[in-house]
Amino acid sequence: MRTSAAADGGATVAFTAAATGAPEGEVTIRLTATGTGAHDFALRTENLVVERPSRRITLQANRPATIEWKGRPATAGADWIAVVIP
């Protein structure tokens, strides 16, 4: 779990991220966050093509929120890496 300051300078956020792969090559990266306020998350990748790598969510107390990115390796069969930046 990671903790970071809010985009608006207010509350903090705690989040976890996990990746799963499908047999046909699609990769899903799922981030679950808790906290309050607006928060920006950016997905940085190598050899993984995703749409909308930057997202903003607004959290409410005691209500987890989820962001999901879907992508495919740019080069099939090659390793890929993804890092979530709060």
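A residue is called buried under 20% relative accessible area, exposed over 50% and partly exposed in between, using a 1.4 Å probe and protein chains only. By that scale Glu 68, at 31% relative accessibility, counts as partly exposed. This is a predicted model, in which local features need pLDDT of at least 70 and side-chain atom pairs count only at pLDDT 80 or more, while totals for chains, interfaces and linings use all residues. Residues are numbered from 1 along each chain as its sequence is written, and side-chain values use heavy atoms, with hydrogens and water left out.

**Nonpolar core**

- The largest nonpolar core has 16 residues; such a core is a set of buried Ala, Val, Leu, Ile, Met, Phe, Trp, Tyr and Cys residues joined through side-chain atoms within 4.5 Å.
- Leu 31, Ala 33, Phe 41, Ile 57, Trp 69 and Val 84 have the most contacts inside this core.
- At least two core residues come from each of strands S2 (12-21), S3 (27-35), S4 (37-46), S5 (48-50), S6 (54-59) and S7 (65-73); strands are DSSP runs (E, at least two residues) numbered from the N terminus.
- Strand S3 gives the most to the core, with four residues.
- Setting aside residues up to four places away in sequence, Ala 33 touches Val 13, Ala 14, Phe 15, Phe 41, Ile 57, Leu 59, Arg 63, Pro 64 and Ala 65, where contact means heavy atoms within 4.5 Å.

**Salt bridges**

- The model has four salt bridges, each defined as a side-chain nitrogen of Lys or Arg within 4 Å of a carboxyl oxygen of Asp or Glu.
- Lys 70 pairs with Glu 26, their closest N and O atoms being 4.0 Å apart.
- This pair links distant parts of the chain, 44 residues apart, with Lys 70 in strand S7 and Glu 26 in the loop between S2 and S3.
- Lys 70 is partly exposed at a relative accessible area of 41%, and Glu 26 is partly exposed at 27%.
- Arg 30 and Glu 68 meet through their side chains at 2.5 Å, N to O.
- Arg 30 in strand S3 and Glu 68 in strand S7 are 38 residues apart, so this pair also links distant parts of the chain.
- Arg 30 counts as partly exposed, at 39% relative accessibility.
- Glu 26, Arg 30, Glu 68 and Lys 70 are linked in a network of salt bridges.
- Asp 40 and Arg 56 form a further salt bridge, at 2.6 Å from N to O.
- Asp 40 lies in strand S4 and Arg 56 in strand S6, 16 residues apart.
- Asp 40 is partly exposed at 36% relative accessibility, whereas Arg 56 is exposed at 54%.

- Ile 81, Val 83 and Ile 85 form a nonpolar surface patch with about 240 Å² of accessible area together.
- Patches are made of residues with over 30% relative accessible area and no salt bridge, like charges being joined within 9 Å and nonpolar side chains (Val, Leu, Ile, Met, Phe, Trp, Tyr) within 5 Å.
- Accessible areas come from the Shrake-Rupley method with a 1.4 Å probe, and for residues only the protein chains shown count as cover.
- Ile 81 belongs to strand S8 (residues 81-85) and is partly exposed, with a relative accessible area of 49%.
- Arg 44, in strand S4, is in contact with Ile 81, Ala 82, Val 83 and Ile 85, leaving aside neighbours within four places in sequence.
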